Amino acid sequence: MKIAGLVHDSIVDGPGIRYVVYTQGCSLCCLGCHNPQTWDFDGGNEISVEKIINDMLTNPLTDGLTLSGGEPFEQAADCISLAAVARERGLNVWVYTGKTFEEIFAEAKQKTDAYKLLSLTDVLIDGRYIAKERTLALKWRGSKNQRLIDVQKSLKTGNGEMLNENNC
């Protein structure tokens with residue numbers, strides 16, 4: 001798997017103590033992106049999914065896995081492996097993406113890897129970063145257009161069902 005980095009105990013990428021995988025590679029390249037160093041598909045480091053899993057499971061205080069980027073859906077197959085183990089171990093899974101839930105859901109109707117990754121995700125922070133909508137007032141998001149999506153509920157309705165950030 002191509003990664004830009006790993007964070008073992010983040011408290012800013014979702015609730016609780018989180019293990020964060022920053023994937024390498026993003027074709028969206030949003031102006032003002034927080035992680036532009038993750039765009040280059042040839043950058044970052046190659047690391048086995050098994051090594052990431054073993055590392056993720058070393059801290060018994062970890063509450064969840066956050067997949068960020070880059071663009072996690074560009075490496076959906078590897079992210080599926082990580083999310084599946086996280087869920088098996090009782091961790092919640094959050095995914096940051098520049099795409100909207102509706103875009104991913106439309107692509108995923110053929111039961112692709114994107115759909116499988118969605119099915120293993122609890123919360124999706126969706127939407128491209130838009131610099132003119134930048135805000136520090138929202139939890140876990142950088143611009144006002146980005147949403148906290150309850151993925152399991154959204155998969156049933158086909159629409160991005162938003163979570164109240166105070167309930168997370």
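How many Å should the 13 residues of helix α2 span? At 1.5 Å a residue, the span should be 18 Å. This is a predicted model: local features need pLDDT of at least 70, side-chain atom pairs count only at pLDDT 80 or more, and totals for chains, interfaces and linings use all residues. Residues are numbered from 1 along each chain as its sequence is written, and side-chain values use heavy atoms, with hydrogens and water left out.

**View 1. Helix α2, end to end.**
Helix α2 covers residues 76–88. Helices (H or I, at least four residues) and strands (E, at least two) are DSSP runs, numbered from the N terminus. The expected span of a helix is 1.5 Å times one less than its number of residues. Just after α2 comes G90, with a positive phi of about 85 degrees.

**View 2. The buried residues of α2.**
A76, C79, I80, L82, A83, V85 and A86 of α2 are buried. Buried means under 20% relative accessible area, exposed over 50%, and partly exposed in between (1.4 Å probe, protein chains only). These buried residues pack against β2 (18–23), α1 (49–56), β4 (64–68), β5 (92–96) and α4 (113–119). Contact here means heavy atoms within 4.5 Å.

**View 3. The salt bridge of E102 and R147.**
The whole structure holds five salt bridges. A salt bridge is a side-chain nitrogen of Lys or Arg within 4 Å of a carboxyl oxygen of Asp or Glu. E102 and R147 form one, with the closest N and O atoms 2.6 Å apart. E102 lies in helix α3 (residues 101–108) and R147 in strand β7 (residues 147–150), so the pair ties together parts 45 residues apart in sequence. E102 is partly exposed, at 31% relative accessibility. R147 is buried, at 17%.

D126 is buried, at 1% relative accessibility. Salt bridges link E102, D126 and R147 in a network.

**View 4. The salt bridge of E103 and R128.**
The side chains of E103 and R128 meet in a salt bridge, 3.2 Å from N to O. E103 sits in helix α3, and R128 in the loop between β6 (123–126) and β7. The pair links distant parts of the chain, 25 residues apart. E103 is partly exposed, at 31% relative accessibility. R128 is partly exposed, with a relative accessible area of 33%.
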